[in-house]
Amino acid sequence: MRKALMSGILVVGLVMIWTAPAQAEMGRTLYGKKGVWTLGGELAFDVDWSKQYDPKQRGGFVSQYQVDVFPELGYTFVKGFEATIGPRLSYGSDENKNTSTLYGGTLSAWYHHQMVGTLFLSTGLRFSMALGKEKTNNIETDILDWTVGPRIGLTLSFGGRFGGFLRLAVKYDFGGEERTTGTNPTRFWNMDLGLISTLGLFF
């Protein structure tokens, strides 16, 4: 499953680069211009490394494979500068076969630099916060999670005044997590490295 997702995202990236010259011949796009709205959905696959805050904790990092879904609504306030907001849904499974599900929201800021035709270099910063539960041997733990981190990738737009866009990016997030079983909270800090694919509309 993980290999299939990563392979699919890489294929999408190659298609974006291959079709960029053809898209350039089709004319201009309003994507990235002031006053443009975007509506899209993002799928992210990442590896999450967690470690307790407590310096006395001698255990190493615990790795978790995680899939995130982010439906987003965006608006370009100034040429190239876009702000987005939306919900977050995350599902993860770690090396100890523990599973977690998170629900929350995100705020993002993007800058899209037009490289050639309808191909853009996109850089962004996202903040996310979520609540959820982790299940370990049928014992549920409450989770409070927050992350912040940069993104960089390529965005290819289709159409002129109205159309669609496809983005492939790499992300790196840093954040914190509090897990509570009963009345005993345990705090961790996290690092996420992953690939993002986004498909949406602009108008």
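Biologist: Over which ring does the charged end of Arg 126 sit?

Modeller: In this predicted model, the charged end of Arg 126 sits over the ring of Phe 70, at 4.4 Å from the ring centre. A second case involves Arg 179, whose charged end sits over the ring of Phe 188, 4.2 Å from its centre.

Biologist: How many aromatic pairs does a search of the whole structure find, and how is such a pair described?

Modeller: Two values describe a pair of aromatic rings: the distance of the centres and the angle of the planes. The search finds 7 pairs here. One of them joins Tyr 31 and Phe 120, edge-to-face, with 5.1 Å between centres and 70° between planes. Tyr 31 belongs to the loop between α1 and β1, whereas Phe 120 belongs to strand β5, 89 residues apart. Both residues are buried.

Biologist: Why is the pair of Phe 81 and Tyr 111 called tilted?

Modeller: The planes of Phe 81 and Tyr 111 meet at 45°, so the pair counts as tilted; the centres are 4.7 Å apart. Phe 81 is in strand β3 and Tyr 111 in strand β4, so the pair ties together parts 30 residues apart in sequence. Phe 81 is partly exposed, at 45% relative accessibility, and Tyr 111 is likewise partly exposed, at 33%.

Biologist: Which residues make up the largest nonpolar core?

Modeller: In soluble globular proteins, nonpolar side chains tend to be buried together. The largest nonpolar core here consists of Tyr 31, Val 36, Phe 120, Phe 165 and Phe 202. Tyr 31, Phe 120, Phe 165 and Phe 202 also form one aromatic cluster.

Conventions: Residues are numbered from 1 along each chain as its sequence is written. This is a predicted model: local features need pLDDT of at least 70, side-chain atom pairs count only at pLDDT 80 or more; totals for chains, interfaces and linings use all residues. Side-chain values use heavy atoms; hydrogens and water are left out. A nonpolar core is a set of buried Ala, Val, Leu, Ile, Met, Phe, Trp, Tyr and Cys residues joined through side-chain atoms within 4.5 Å. Buried means under 20% relative accessible area, exposed over 50%, partly exposed in between (1.4 Å probe, protein chains only). Rings of Phe, Tyr and Trp (its six-membered ring) pair if their centres lie within 6.5 Å; planes under 30 degrees apart count as stacked, over 60 as edge-to-face and the rest as tilted. Helices (H or I, at least four residues) and strands (E, at least two) are DSSP runs, numbered from the N terminus. A charge sits over a ring if NZ of Lys or CZ of Arg is within 6 Å of the ring centre and within 35 degrees of the ring normal.
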